[in-house]
Amino acid sequence: MNKILGIICAMEEELAPLKKIMNLKETRIKARMEFFKGNIENVPVVMVVSGIGKVNAALCAQILADDYQVTHLINVGVAGGVKETIVPMDVVVATSLIQHDMDVTAFGLKRGEIPRFETSSFLTDEALTSLALAASRSNHDYTTHEGVIVSGDQFISSKEKIMDLSETFDASACEMEGAAIAQAAYLNHIPFAVIRAISDNASTGASMDYEKFKDLAVENTVSILLHIIRHL
Ligand code: ADE
(Lines give C-alpha, C1' and ligand atoms only; values in the text may rest on other atoms or scores of the structure.)
Protein backbone atom coordinates (compact mmCIF):
# COMPACT_ATOMS: atom_id res chain seq x y z
CA MET A 1 0.00 0.00 0.00
CA ASN A 2 1.29 3.50 -0.86
CA LYS A 3 2.00 5.59 2.18
CA ILE A 4 0.40 8.99 2.64
CA LEU A 5 1.39 10.99 5.69
CA GLY A 6 -1.08 13.40 7.28
CA ILE A 7 0.49 16.16 9.38
CA ILE A 8 -1.75 18.19 11.69
CA CYS A 9 -0.70 21.38 13.44
CA ALA A 10 -3.12 23.42 15.50
CA MET A 11 -1.66 26.79 14.56
CA GLU A 12 -0.13 28.46 11.51
CA GLU A 13 3.11 29.13 13.45
CA GLU A 14 3.51 25.41 14.08
CA LEU A 15 3.08 24.46 10.42
CA ALA A 16 5.21 27.30 8.97
CA PRO A 17 8.64 25.61 9.31
CA LEU A 18 7.27 22.33 7.91
CA LYS A 19 5.62 24.01 4.93
CA LYS A 20 9.03 25.33 3.90
CA ILE A 21 10.36 21.80 3.27
CA MET A 22 7.32 20.67 1.28
CA ASN A 23 6.95 20.44 -2.49
CA LEU A 24 3.37 21.79 -2.75
CA LYS A 25 1.05 20.42 -5.45
CA GLU A 26 -2.47 21.42 -4.46
CA THR A 27 -4.43 23.26 -1.79
CA ARG A 28 -8.07 22.86 -0.84
CA ILE A 29 -10.31 24.26 1.89
CA LYS A 30 -12.76 22.14 3.82
CA ALA A 31 -14.45 22.94 7.14
CA ARG A 32 -12.52 26.24 7.09
CA MET A 33 -9.24 24.29 7.17
CA GLU A 34 -6.67 24.61 4.38
CA PHE A 35 -5.20 21.27 3.27
CA PHE A 36 -1.77 21.41 1.59
CA LYS A 37 -1.12 18.34 -0.54
CA GLY A 38 2.31 17.57 -1.96
CA ASN A 39 5.43 15.65 -1.06
CA ILE A 40 8.54 15.80 1.04
CA GLU A 41 11.49 13.86 -0.40
CA ASN A 42 9.03 12.01 -2.67
CA VAL A 43 6.78 10.86 0.19
CA PRO A 44 3.17 12.04 -0.31
CA VAL A 45 2.08 14.32 2.53
CA VAL A 46 -0.98 16.37 3.40
CA MET A 47 -0.43 19.19 5.89
CA VAL A 48 -3.13 21.19 7.59
CA VAL A 49 -3.72 23.76 10.30
CA SER A 50 -6.65 22.36 12.26
CA GLY A 51 -7.29 25.28 14.59
CA ILE A 52 -7.01 25.05 18.34
CA GLY A 53 -8.85 22.55 20.54
CA LYS A 54 -10.12 18.99 20.48
CA VAL A 55 -13.15 19.48 18.22
CA ASN A 56 -11.11 21.11 15.44
CA ALA A 57 -8.41 18.48 15.79
CA ALA A 58 -10.77 15.48 15.61
CA LEU A 59 -12.65 16.91 12.63
CA CYS A 60 -9.39 17.55 10.84
CA ALA A 61 -8.14 14.01 11.43
CA GLN A 62 -11.40 12.59 10.09
CA ILE A 63 -11.14 14.68 6.91
CA LEU A 64 -7.58 13.43 6.41
CA ALA A 65 -8.86 9.86 6.79
CA ASP A 66 -11.92 10.24 4.55
CA ASP A 67 -10.77 12.62 1.81
CA TYR A 68 -7.02 11.93 1.65
CA GLN A 69 -6.83 8.29 2.83
CA VAL A 70 -3.79 9.04 4.96
CA THR A 71 -2.01 5.89 6.12
CA HIS A 72 -0.11 7.60 8.96
CA LEU A 73 -0.94 10.63 11.10
CA ILE A 74 1.47 12.89 12.93
CA ASN A 75 0.54 15.76 15.19
CA VAL A 76 3.31 18.31 15.60
CA GLY A 77 3.34 21.48 17.64
CA VAL A 78 4.08 23.02 21.00
CA ALA A 79 3.02 21.95 24.48
CA GLY A 80 3.35 22.98 28.09
CA GLY A 81 5.84 21.02 30.19
CA VAL A 82 4.14 19.30 33.12
CA LYS A 83 7.05 17.71 34.95
CA GLU A 84 9.41 20.35 36.39
CA THR A 85 12.39 18.88 34.53
CA ILE A 86 10.71 19.44 31.14
CA VAL A 87 11.59 22.96 30.10
CA PRO A 88 11.07 25.25 27.06
CA MET A 89 12.81 24.03 23.87
CA ASP A 90 12.76 20.36 25.04
CA VAL A 91 10.82 17.85 22.96
CA VAL A 92 8.23 15.39 24.29
CA VAL A 93 7.33 12.39 22.15
CA ALA A 94 4.06 10.85 23.31
CA THR A 95 3.82 7.19 24.25
CA SER A 96 0.11 7.60 24.99
CA LEU A 97 -2.51 10.34 25.17
CA ILE A 98 -5.46 11.03 27.47
CA GLN A 99 -8.17 13.70 27.43
CA HIS A 100 -7.64 15.25 30.86
CA ASP A 101 -10.90 17.23 30.76
CA MET A 102 -13.11 14.17 30.17
CA ASP A 103 -14.85 13.95 33.55
CA VAL A 104 -17.66 11.51 34.31
CA THR A 105 -16.56 10.99 37.91
CA ALA A 106 -20.19 11.71 38.91
CA PHE A 107 -20.93 8.18 37.70
CA GLY A 108 -17.90 6.61 39.38
CA LEU A 109 -15.54 6.73 36.39
CA LYS A 110 -11.91 7.78 36.76
CA ARG A 111 -10.93 11.22 35.46
CA GLY A 112 -10.09 11.00 31.77
CA GLU A 113 -12.16 7.84 31.34
CA ILE A 114 -14.45 7.94 28.30
CA PRO A 115 -17.85 6.42 29.12
CA ARG A 116 -18.93 3.38 27.10
CA PHE A 117 -15.63 3.27 25.24
CA GLU A 118 -13.03 0.51 25.45
CA THR A 119 -10.07 2.74 26.24
CA SER A 120 -9.23 6.26 27.28
CA SER A 121 -5.45 6.03 26.93
CA PHE A 122 -4.52 5.98 23.25
CA LEU A 123 -1.16 4.37 22.53
CA THR A 124 0.98 5.89 19.80
CA ASP A 125 2.38 3.74 17.01
CA GLU A 126 5.62 2.10 18.16
CA ALA A 127 7.47 2.42 14.84
CA LEU A 128 6.64 6.12 14.35
CA THR A 129 7.37 6.89 18.00
CA SER A 130 10.77 5.09 17.91
CA LEU A 131 11.73 6.99 14.77
CA ALA A 132 10.74 10.30 16.39
CA LEU A 133 12.69 9.49 19.56
CA ALA A 134 15.82 8.44 17.68
CA ALA A 135 15.80 11.61 15.59
CA SER A 136 15.08 13.87 18.53
CA ARG A 137 17.75 12.26 20.76
CA SER A 138 20.40 12.79 18.11
CA ASN A 139 20.04 16.55 18.72
CA HIS A 140 21.90 17.46 21.91
CA ASP A 141 20.83 21.11 21.95
CA TYR A 142 17.79 20.16 24.03
CA THR A 143 16.50 17.19 26.05
CA THR A 144 14.11 14.63 24.59
CA HIS A 145 11.47 13.06 26.82
CA GLU A 146 8.96 10.30 26.17
CA GLY A 147 5.76 9.95 28.13
CA VAL A 148 2.08 10.63 28.53
CA ILE A 149 0.69 13.76 26.87
CA VAL A 150 -2.66 15.02 28.13
CA SER A 151 -5.03 17.18 26.08
CA GLY A 152 -7.95 19.37 27.08
CA ASP A 153 -9.76 22.48 25.96
CA GLN A 154 -7.82 24.60 28.44
CA PHE A 155 -4.53 26.52 28.36
CA ILE A 156 -2.83 25.36 31.54
CA SER A 157 -1.09 28.15 33.42
CA SER A 158 -1.29 27.37 37.13
CA LYS A 159 1.08 25.34 39.26
CA GLU A 160 -1.87 23.63 40.99
CA LYS A 161 -3.33 22.37 37.71
CA ILE A 162 0.10 21.19 36.53
CA MET A 163 0.58 19.24 39.77
CA ASP A 164 -2.88 17.78 39.37
CA LEU A 165 -2.12 16.61 35.79
CA SER A 166 1.16 15.12 36.93
CA GLU A 167 -0.39 13.27 39.88
CA THR A 168 -3.60 12.14 38.16
CA PHE A 169 -2.24 11.14 34.74
CA ASP A 170 1.55 10.98 35.22
CA ALA A 171 1.63 13.51 32.37
CA SER A 172 4.84 14.82 30.85
CA ALA A 173 3.24 17.56 28.77
CA CYS A 174 -0.14 19.19 28.16
CA GLU A 175 -1.71 20.62 25.04
CA MET A 176 -5.13 20.97 23.42
CA GLU A 177 -5.38 18.56 20.45
CA GLY A 178 -3.22 15.42 20.62
CA ALA A 179 -5.60 13.09 22.44
CA ALA A 180 -8.48 14.03 20.12
CA ILE A 181 -6.35 13.21 17.07
CA ALA A 182 -5.32 10.02 18.84
CA GLN A 183 -8.93 8.95 19.34
CA ALA A 184 -9.83 9.77 15.73
CA ALA A 185 -6.79 7.81 14.50
CA TYR A 186 -7.72 4.88 16.77
CA LEU A 187 -11.29 4.83 15.44
CA ASN A 188 -9.99 4.84 11.85
CA HIS A 189 -7.17 2.29 12.47
CA ILE A 190 -4.48 4.78 11.45
CA PRO A 191 -1.06 4.57 13.14
CA PHE A 192 -0.19 7.92 14.69
CA ALA A 193 2.44 9.85 16.64
CA VAL A 194 2.44 13.10 18.59
CA ILE A 195 5.60 15.20 18.78
CA ARG A 196 5.55 18.37 20.83
CA ALA A 197 8.23 20.98 21.43
CA ILE A 198 7.93 22.61 24.83
CA SER A 199 6.98 26.29 24.73
CA ASP A 200 6.29 26.84 28.42
CA ASN A 201 6.15 25.28 31.84
CA ALA A 202 3.50 26.42 34.26
CA SER A 203 5.92 26.15 37.14
CA THR A 204 7.97 28.98 35.58
CA GLY A 205 5.14 31.17 34.20
CA ALA A 206 3.32 29.58 31.27
CA SER A 207 1.85 32.46 29.31
CA MET A 208 5.05 34.55 29.35
CA ASP A 209 7.22 31.62 28.25
CA TYR A 210 4.68 30.62 25.62
CA GLU A 211 4.92 33.90 23.70
CA LYS A 212 8.71 33.83 23.92
CA PHE A 213 9.36 30.22 22.91
CA LYS A 214 6.48 28.98 20.72
CA ASP A 215 8.05 29.88 17.34
CA LEU A 216 11.58 28.87 18.32
CA ALA A 217 10.63 25.57 19.97
CA VAL A 218 8.69 24.28 16.98
CA GLU A 219 11.79 24.60 14.76
CA ASN A 220 13.11 21.58 16.68
CA THR A 221 10.40 19.38 15.17
CA VAL A 222 11.46 19.83 11.51
CA SER A 223 14.47 17.49 11.55
CA ILE A 224 12.47 14.92 13.52
CA LEU A 225 9.78 14.90 10.86
CA LEU A 226 12.33 14.62 8.06
CA HIS A 227 13.90 11.59 9.76
CA ILE A 228 10.48 9.91 10.04
CA ILE A 229 9.71 10.62 6.38
CA ARG A 230 13.05 9.14 5.27
CA HIS A 231 12.35 5.92 7.20
CA LEU A 232 8.58 5.61 6.76
N1 ADE B 1 0.19 24.49 24.42
C2 ADE B 1 1.37 25.06 24.75
N3 ADE B 1 1.42 25.32 26.06
C4 ADE B 1 0.24 24.92 26.60
C5 ADE B 1 -0.31 24.95 27.90
N6 ADE B 1 0.37 25.45 28.93
N7 ADE B 1 -1.56 24.45 28.06
C8 ADE B 1 -2.25 23.96 27.02
N9 ADE B 1 -1.78 23.92 25.77
C10 ADE B 1 -0.54 24.39 25.55
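## Helices and their buried sides

Let's begin with helix α3, residues 126–137: its 12 residues reach 16 Å from the first C-alpha to the last, close to the 16 Å expected at 1.5 Å a residue. Please keep in mind that this is a predicted model. The buried residues of α3 are L128, T129, L131, A132, A135 and S136. Because they cover an arc of only 160 degrees around the axis, they sit on the same side of α3.

What lies over them? After the helix comes D170, with a positive phi near 55 degrees.

Helix α2 is also followed by a residue of positive phi: Q69, near 45 degrees. The 15 residues of α2 reach 20 Å from first C-alpha to last, close to the 21 Å expected at 1.5 Å a residue. Buried in α2 are K54, N56, A57, A58, C60, A61, I63 and L64.

| Helix | Residues in helix | Reach, first to last C-alpha | Expected reach |
|---|---|---|---|
| α2 | 15 residues | 20 Å | 21 Å |
| α3 | 12 residues | 16 Å | 16 Å |

Now for a pair of helices. Two packed helices are described by the angle between their axes and the distance between the axes. For α2 (residues 54–68) and α5 (residues 178–187), the axes come within 8 Å and cross at roughly 30 degrees. Since angles under 35 degrees count as roughly parallel, α2 is roughly parallel to α5. The crossing of α2 past α5 is right-handed. Which residues make the contact? From α2 they are K54, A57, A58, A61 and Q62, and from α5 they are A180, I181, Q183, A184 and A185.

Is L225 buried or exposed? L225 is buried, because 23 other C-beta atoms lie within 10 Å and 20 or more are enough to count as buried. Setting aside neighbours within four places in sequence, L225 is in contact with L18, I74 and V76. The C-alpha atoms of L225 and K20 are separated by 13 Å, with the two residues 205 residues apart along the chain.

Technical notes: Residues are numbered from 1 along each chain as its sequence is written. This is a predicted model: local features need pLDDT of at least 70, side-chain atom pairs count only at pLDDT 80 or more; totals for chains, interfaces and linings use all residues. Helices (H or I, at least four residues) and strands (E, at least two) are DSSP runs, numbered from the N terminus. The expected span of a helix is 1.5 Å times one less than its number of residues. A residue is buried if 20 or more other C-beta atoms lie within 10 Å of its own, exposed if 12 or fewer, and partly exposed in between; C-beta atoms are placed from the backbone. The arc is that of the directions from the helix axis to the C-beta atoms. Axes are lines fitted to C-alpha atoms, for helices over the stretch in contact, and angles run from 0 to 180 degrees between N-to-C directions. Angles under 35 degrees count as roughly parallel, over 145 as roughly antiparallel, 65 to 115 as roughly perpendicular and the rest as oblique. A crossing is left-handed if the near helix is turned anticlockwise from the far one by less than a right angle, and right-handed if clockwise. Two residues are in contact if their C-beta atoms, placed from the backbone, lie within 7 Å.
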